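Biologist: Could you take me through this model before I look at the details?

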Amino acid sequence: MYTEKVMDHFKNPRNMGEIPDADGVGTVGNPVCGDLMTIYIKVNGDRLEDIKFKTFGCGAAIATSSMITELAKGKTLEDAMKISRGDVADNLGGLPPIKMHCSNLAADGLHAAIQDYLKKKGAQK
Amino acid sequence: MMRRVYMDHTAGKPVDPRVLEAMLPYFSEMFGNPSSLNRWGNEARKAVEDARAKLASLIGAKRSEEIFFTSGGTESNNLTIRGVAYRNKDKGNHIVTTEIEHMSVMNTCKSLLKEGFDLTFVPVDKYGVVNLQALEKAITDKTILVSVMYANGEIGTLQPIKEVGEIVHRKGVLLHVDAVAASGQVPINVENENIDLMSISSNDMYGPRGVGASYIKTGTRVQPIIFGGGQEKGLRSGTENVPAIVGMGKAAEIAKAEMKTEGEMLSNLRDKLIEGLIQNIPRSFLNGHPTKRLPNNANVRFSYIEGESLLLSLDVLGVAASSGSACTSKTLEPSHVLLAIGLKHEEAHGSLLFTLGKQNTEEDVDYVVKALPDIVKRLRSISPLTPKELLS
């Protein structure tokens, strides 16, 4: 039911783990629904220098988390904010329709992490 | 070549080669219509009646006329529940069932709500055993039917049907038993166990799909739900699916003869699998009753991870199983059975169901017991819910 690309990211997730001194952290989803995702980012200037994830969820949830880290790493914050759920699914060669809504949370997680970073930065000023 | 281990027998079983062999002549040589008054028809009629007798013998029915063939377990549950409800409307409009029934019972009962019937769902304990006090209390003077499953196909728990029947009969109500997951696996005797109506599936006994049966005790009032030419004594119209019925009969005959040895073999494998998983994987727990369970059922849950990713990882290694996780269901809801035994949503998501079959071996169990700890470890390393002490 999943594409080879999804299975590849599920079996060999990229950038899996935590960043202990992350500049921004975004958590989306809910274990009650079966998907919970945390994205950690490290920012240098206006760019995402590093990004990692931890995910509880189905194959699609893990694969989309892995894919978002690949898509976002090295991008400016502005460009990273433009990455959509659709971009993540497209880069994985598509997701089963039933998974498009529930497990395709990675873009939301990334955006939440960036917003967390901006909020912290604003508070410092 | 990669090892293949099929442990998803509750989803589907292979047809026993002896069953297939018995069925084959009825497709092309003995193709007659059992209702025809000619030798082709007589031949087919004889085969259907022979299968009926084998089913009756398997479940201890007094008379083979108490067996009615249907298209499967779902239709049998529809026929017996709707049929009793419609035919006994003059006596009352209340049906009692449990929180862990199969969807074909659950949704049949719920559909009757729209037709003026009332429902009570009786709770179960943490092992999935029906609460007998609550069951007794639920029965009112309006109750016309109580429906309790013999065994739950998901968590494997067997119900105290005889005791259920005593309570139900003391109140003067009919008892329907969904025995789809249990028939052919564990001994059932409809007479001794106070069963008035029962649903039986064929594939669950290594028979073909597309056929099932309803046991309806003589004198029980049931209205048909399918109308037509009046086959099956008017209770289930439609030309008999003779090859499938023959197959189901043969499957019942084999089940009766081999149930004891097969049950012992399966429960040994089951216990070895359960022990192997629970001992080798921290924070793993058995779902369902430790001893009162189907011989082929091992349902284990693992904290902090989700069932679909477990299934995918197992599939990569050639192992087929099922899960009660929302992510594997069409409704995106976790299994109602796991919620009814008191599991939290996140616990239900991490459940894995292995259902064994007669082709499984000790080596199959060893393979799964060896493979799963690493899978669980890997997924836990990815999960944000895993406590730090489990990650070292």
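Modeller: Two residues are in contact if their C-beta atoms, placed from the backbone, lie within 7 Å. This is a predicted model, in which local features need pLDDT of at least 70 and side-chain atom pairs count only at pLDDT 80 or more, while totals for chains, interfaces and linings use all residues. Residues are numbered from 1 along each chain as its sequence is written, and chains are lettered from A and ligands numbered from 1 in the order in which they are written.

Biologist: How many helices and strands are there in chain B?

Modeller: Chain B has 12 helices and 13 strands, counted as DSSP runs from the N terminus (H or I, at least four residues; E, at least two). Its C-alpha trace spans about 75 × 50 × 35 Å along the principal axes.

Biologist: What share of the contacts in chain B with a separation of 6 or more joins residues 24 or more positions apart?

Modeller: Such pairs account for 71% of those contacts.

Biologist: Which residues of α1 in chain A are buried?

Modeller: In α1(A), residues 4–11, A:Val6, A:His9 and A:Phe10 are buried, that is, 20 or more other C-beta atoms lie within 10 Å of their own.

Biologist: Why do they line one face?

Modeller: Seen down the axis of α1(A), they fall within an arc of 105 degrees, so they line one face of the helix; the arc is that of the directions from the axis to the C-beta atoms.

Biologist: What do they pack against?

Modeller: The buried residues of α1(A) pack against α2 (59–72) of chain A together with α9 of chain B.

Note on methods:
A residue is buried if 20 or more other C-beta atoms lie within 10 Å of its own, exposed if 12 or fewer, and partly exposed in between; C-beta atoms are placed from the backbone.
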